[in-house]
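Please look through the sequence and the model below with the report beside you.

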Amino acid sequence: MNIAAIGCGGQGSYDLEQMESENIVALCDVDEKNAAGMYQKYDKAPKFRDYRVMLDKREKEIDAVLVATPDHTHAPASLRAMRRGKHVYCEKPLTWSIEEARRMAEAAQKYGVVTQMGTQGMGEEGTREGIEWIRSGVLGKVGEMHGWSDRPIWPQGVQRPTETMTVPKTMDWDLWLGAAPERPYHAQYAPFNWRGWYDFGTGAVGDMGIHNVAMMYVALKLGPIASVELIRRSEKTKETFPKQTIVRYEFAATEQSPALTFTWYDGRLLPAEELLKSKGYQEPIAENGSILVGERGTLYSIEWTGGDLRLLPEKAFSDRKKPAPSVPRAPHGHYKEWIQACKGDGKAFCDFASFGAPLTEVMLLGNTVVRHGEPGQKVLWNAEKMDITDSSGKPLDAFQNAEPIRRTQYRKGFGLDE
């Protein structure tokens, strides 16, 4: 399969290494220095700074596209590729806004392409097995889900830098900005710290919430979000996420799934410690993880996604047999699963329509409340209208056309339909 990459440094370089069994036919990155490793490895592949130019010039020879850019470029690049009939692997979170997530899901279905969101742990044997444990009913009726992270490990709760910096000669800053509003270059944004800035990233929950609760979210087939409440925000700044947040969601019950409360914590907040100790767990608590609390037991997922599990209290489950396999496996891993699906062999588990877009929407809705709500304020989510209201259903001014539900304006040339 002929793969083109948009974003070749950082996570993109790791992704490319997992795809080296295929033909890497074109590389695109706005920063030659950041992409140097992959540029040297695939020295014969043509190089581009502008993904739009790459897709135009190399369209006929490209079968699939890797998108591993900062979050704000995921949708513009992926949609442009899917409209050309290209299969797409896009890093998590799927998009920068909820509207973009829905557009990505629609496009994947419309153009019949194979898609996969970069939640690598979902391809592990232990994760697929964890889904089976949850669906087996071993925990009894579940009512609480908790997820947490040590992120941010980049600056948040800060103001925009005021000093002037020169754009590195290896970088095209205009192309790096892409869809986002114009601003002067600063090393505080690129190549890594963009994650904490509203215009570019999705904060801790976008970076790690996507990983840490993915297994439980999928296993439970959770219904629509009924409400979201900002429990804690360490500070409110104009352009970056806070250093710490706690957000609580309420999911409505459906025929397939229970009513459930999901609480997210970041900034090294570890409420799980007391909860797990109450279940008899005495080991140190992971810096990233999730917990699902049921009437008959608790499932603790250690670190990313869920491959390392504990059923608590451990004595009660020590002789419990594994549930019969019912979830398709990815014997060669997350990346190979997508590659094989592109070739017509099986399906990609973390596709945009059924997995990536709905899970991303959950995380971005929390970010919306963090950015525009106030601690102690519970709001209702009207998924059909993509609107936030008070308890009576009245629209709230603070959330009208709020980011990241929608991006109110895209820079010319980088819109979703361009």
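This is a predicted model: local features need pLDDT of at least 70, side-chain atom pairs count only at pLDDT 80 or more; totals for chains, interfaces and linings use all residues.

Strand S1 (residues 2–6) and strand S2 (residues 23–28) run parallel and are joined by five bridges, and Ala4 stands opposite Ala26 in S2.

In the open sheet of nine strands, ordered S13-S12-S11-S7-S10-S9-S8-S14-S15, the pairing is mixed. Its edge strands are strand S13 (308–312) and strand S15 (387–389), each pairing on one side only, and the twist from one strand to the next averages 20°.

At the S13 end of that order, strand S12 (residues 298–302) pairs with S13 in the antiparallel sense over five bridges, with Tyr300 standing opposite Arg310 in S13. Helix H6 lies across strand S11 (289–294), S12 and S13, and the helix runs at about 25° to S13.

## Arg128 in helix H6

Helix H6 (residues 125–135) is also the place of Arg128. Is Arg128 buried or exposed? Its relative accessibility is 1%, and because a residue under 20% counts as buried, Arg128 is counted as buried.

A polar atom of the Arg128 side chain lies 2.7 Å from the backbone oxygen of Pro328. When neighbours within four places in sequence are left aside, the residues in contact with Arg128 are Met122, Gly123, Val327, Pro328, Arg329, Ala330, Glu337 and Phe349.

## Two packed helices

Two packed helices are described by the angle between their axes and the distance between those axes. Helix H5 (residues 98–111) and helix H13 (residues 352–372) pack at an angle of about 175°, and their axes are 9 Å apart. Since angles over 145 degrees count as roughly antiparallel, H5 and H13 are therefore roughly antiparallel to each other.

Where the two helices meet, H5 contributes Ile98, Ala101, Arg102, Met104, Ala105, Ala108 and Gln109, while H13 contributes Phe352, Ala353, Ala357, Glu361, Leu364 and Leu365. Of the residues in this contact of H5 with H13, ten are nonpolar, one is polar and two are charged.

Methods: Residues are numbered from 1 along each chain as its sequence is written. Side-chain values use heavy atoms; hydrogens and water are left out. Axes are lines fitted to C-alpha atoms, for helices over the stretch in contact, and angles run from 0 to 180 degrees between N-to-C directions. Helices (H or I, at least four residues) and strands (E, at least two) are DSSP runs, numbered from the N terminus. Angles under 35 degrees count as roughly parallel, over 145 as roughly antiparallel, 65 to 115 as roughly perpendicular and the rest as oblique. Contact means heavy atoms within 4.5 Å. Ala, Val, Leu, Ile, Met, Phe, Trp, Tyr, Cys and Pro count as nonpolar, Asp, Glu, Lys and Arg as charged, and the others, Gly among them, as polar. Buried means under 20% relative accessible area, exposed over 50%, partly exposed in between (1.4 Å probe, protein chains only). A polar contact is a pair of N or O atoms within 3.5 Å; within protein, one must be able to donate a hydrogen and the other to accept it, and residues adjacent in sequence count only if both atoms are side-chain atoms. Two strands pair if DSSP finds at least two bridges between them.
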